[in-house]
Amino acid sequence: MNDEEIIGLYWKRNENAITETAAKYDNYCYSIAYGILADREDSKESVNDTYLAAWNSMPPHRPSVLSTFLGKITRRISIDRWRKKNAGKRGGGQISEALEELGECVSDKNNVEQKIEQEAVVQVINSFLKKLPDTEQKVFICRYWYLESINTVAKQFGFTQSKVKSMLFRTREKLRVILTEEGLL
């Protein structure tokens, strides 16, 4: 079943929407959740919560790309689950490390003005990523979207950990310059 047909099932409130979504996207969503949580049961729960969130948001929202929509939901739910599970704990996790690295470029405040700024930051980051060379872009996304460890990224691309760290540092510096020029930092 194609994505438009699956989305149509959600809009008709047909429960087969979840079955069809799971058949097509279960592995994709699970890999995102597991990359963040590194726990089989928590990852399965995050994927199930993703399907519920998709059910609750369609309608009124009609995603243009179902895989991206589901990936964003899975990622958000998995990060929230990770935060709850690790509340008060310090150290070690890839999420803390990756978010800390990016924290130098992007702050986290919760008010209306900040939400507007966040949308502008997202647009600038998306534009920035599109202009990066393919490998740099993929390394950045693996680290900061999928929250993979430096070691995992290095193995995936056949680089040393040092090269990945340097590449990420240079890319973050370029991003910082652009965010500063746009008045967002």
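Which residue, with a positive phi, follows α9? In this predicted model, local features require pLDDT of at least 70 and side-chain atom pairs count only at pLDDT 80 or more, whereas totals for chains, interfaces and linings use all residues. Residues are numbered from 1 along each chain as its sequence is written, and side-chain values use heavy atoms, with hydrogens and water left out. The residue that follows α9 is G183, with phi near 75°.

The secondary structure of the protein chain consists of nine helices and zero strands, where helices (H or I, at least four residues) and strands (E, at least two) are DSSP runs numbered from the N terminus. From the N terminus on, the order of elements is α-α-α-α-α-α-α-α-α. The chain has 185 residues, of which 36% count as buried; buried denotes under 20% relative accessible area, exposed over 50%, and partly exposed in between (1.4 Å probe, protein chains only). Contact is defined as heavy atoms within 4.5 Å. Among contacts between residues at least 6 apart in sequence, 62% join residues at least 24 apart.

Helix α9 comprises residues 161-181, 21 residues in number, and reaches 30 Å from its first C-alpha to its last, close to the 30 Å expected at 1.5 Å a residue. The expected span of a helix is 1.5 Å times one less than its number of residues. Buried positions in α9 are V164, M167, L168, T171, R172, L175 and L179. Viewed down the axis of α9, these buried residues fall within an arc of 130° and so line one face of the helix; the arc is that of the directions from the helix axis to the C-beta atoms. S162 and E181, on the other side of α9, are exposed.

Helix α7 (residues 134-144) packs with α9 at an angle of about 95°, the two axes being 10 Å apart. Axes are lines fitted to C-alpha atoms, for helices over the stretch in contact, and angles run from 0 to 180 degrees between N-to-C directions. The two helices, α7 and α9, are therefore roughly perpendicular to each other, a term applied to angles of 65 to 115 degrees. From α7, the residues T135, E136, V139, F140, R143 and Y144 meet V164, M167, L168, T171, R172, K174 and L175 of α9. The residues of this contact divide into seven nonpolar, two polar and four charged. In this classification, Ala, Val, Leu, Ile, Met, Phe, Trp, Tyr, Cys and Pro count as nonpolar, Asp, Glu, Lys and Arg as charged, and the others, Gly among them, as polar.

The end C-alpha atoms of helix α3 (residues 40-57) are 26 Å apart, in agreement with the 26 Å that its 18 residues should span at 1.5 Å a residue. Buried in α3 are D42, S43, S46, V47, T50, Y51, A53, A54 and W55, and the buried residues of this helix pack against α1 (3-11), α2 (16-37) and α4 (66-85).

Most residues other than glycine have a negative phi, and most peptide bonds are trans. The peptide bond from M58 to P59 is cis, with omega near -20°, and a cis bond also joins P59 and P60, with omega about 15°. A38, in the loop between α2 and α3, has a positive phi near 55° and counts as exposed at 56% relative accessibility. L147, in the loop between α7 and α8 (150-157), has a positive phi near 55° and is buried, with a relative accessible area of 1%.

How values were computed: Angles under 35 degrees count as roughly parallel, over 145 as roughly antiparallel, 65 to 115 as roughly perpendicular and the rest as oblique.
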